[in-house]
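Subject: Structure for you to look at

Hi,

Here is the structure I promised to pass on. Have a look at it first, and then read my notes below.

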Amino acid sequence: MPMPVKNDRAVWFKGGDLTCSIPPGKRVKTTRLVLMGPPGIGKGTQAQLLCKRLGICHLSTGDIFRTASVLKDQASPALQTALHQMHSGELVSDTTVIAIIRERLKCLECEGGFALDGFPRTIVQAEALETLLRDHHVDLTAVINYELPIDQIVARLSGRRVCGHCRAVFHLTQAAPKTPGVCDNCGKPLYQREDDRPESVRVRMRAYEQSTKPLIDYYQQRNLLLSIDADGTPNGICRRTTTALREFTGSATEGSSTANQKTNPR
Ligand code: AMP
């Protein structure tokens with residue numbers, strides 16, 4: 001297993017001709033993943049664990065927008081447009097997101113590999129990614145799709161509590177604060193995000209299912225889809241993912257026709 005890479009993701013956050021402070025090294029075989037899954041499934045946590053384990057870079061489009069909010073004036077014109085759309089509560093337009101990805105081609109080509117998180121979100125974005133990768137002779141290793149019954153996702157999200165001061169995240173049953181309603185880190189009150197309330201979560205979930213179903217079919221048709229059961233502890237789910245990935249890439253290189261079947265080793 002390669003050593004974990006700890007670069008500053010300068011290219012991803014700022015784009016252009018920058019170089020990461022510690023560019024990931026050349027690999028015999030580069031792992032390039034797309035991570036998919038509904039809100040609240042723990043995709044961000046899995047992205048971090050997987051990247052640490054596989055030594056690849058976590059490339060989150062949401063992170064770019066959050067970082068750009070701080071950069072403000074230094075943000076490129078494409079990013080400034082995206083921030084405007086994000087702040088008005090919409091998904092950023094395909095044109096803008098694709099422009100942002102184009103500015104970060106170096107990350108997609110990087111020999112260190114990547115886990116894309118939050119992109120693509122639509123068929124138009126997936127097609128653009130496919131063209132970009134094909135034009136630069138880069139192959140995706142797999143598209144990991146995390147799955148969990150909707151009731152469990154609602155329970156996870158509706159138990160989440162966030163500190164309004166230091167942003168620490170707790171859970172009423174899975175990661176309860178020492179004193180109910182109070183942040184362990186800074187002692188300030190915890191609150192429930194508006195969009196974590198069960199009614200809102202169900203609406204977000206329906207929207208996700210409508211917009212993502214086509215992407216699942218899209219990647220299944222390309223024999224890239226690897227569905228993973230997202231029940232269990234973060235480390236357990238990560239182990240399940242890497243085991244499934246090993247089996248998947250093994251069967252893919254052997255030309256097996258079962259490469260896109262569900263693989264959920266527990
Ligand atoms: P995330 O952290 O992935 O949930 O993204 C946070 C916000 O960034 C989203 O609610 C969107 O406004 C925007 N965003 C991130 N990635 C995309 C994308 N691929 N397409 C459209 N909007 C995106």
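Helix α3 (residues 61–71) contributes the most to the shell around the ligand, giving four residues. Please keep in mind as you read that this is a predicted model.

The ligand has 13 residues around it, and those that come nearest are T61, R66, G118, R121 and Q125. By type, the shell around the ligand divides into six nonpolar, four polar and three charged residues.

Which atoms pair up with the nitrogen atoms of the ligand? For G118 it is a polar backbone atom, 2.8 Å from a nitrogen atom of the ligand. R121 brings a polar side-chain atom to 2.9 Å from a ligand nitrogen, and Q125 likewise has a polar side-chain atom 2.9 Å from a nitrogen atom of the ligand. As for burial, the ligand taken alone exposes 480 Å², and the protein buries 80% of that.

Now a word on confidence. The protein has a mean pLDDT of 83, with 88% of its residues at 70 or more. Strand β8 (residues 225–229) has the highest confidence, at a mean of 97, whereas helix α4 (residues 77–87) has the lowest, at 75. There is also a stretch, residues 253–266, where the pLDDT is below 50. Beyond near neighbours in sequence, that stretch has 25 contacts in the model.

Best wishes

Conventions. Residues are numbered from 1 along each chain as its sequence is written. Side-chain values use heavy atoms; hydrogens and water are left out. A residue is near a molecule or strand if one of its heavy atoms lies within 4 Å of it. A polar contact is a pair of N or O atoms within 3.5 Å; within protein, one must be able to donate a hydrogen and the other to accept it, and residues adjacent in sequence count only if both atoms are side-chain atoms. Accessible areas come from the Shrake-Rupley method with a 1.4 Å probe; for residues, only the protein chains shown count as cover. Helices (H or I, at least four residues) and strands (E, at least two) are DSSP runs, numbered from the N terminus. Ala, Val, Leu, Ile, Met, Phe, Trp, Tyr, Cys and Pro count as nonpolar, Asp, Glu, Lys and Arg as charged, and the others, Gly among them, as polar. pLDDT is the predictor's confidence in each residue, from 0 to 100. Contact means heavy atoms within 4.5 Å.
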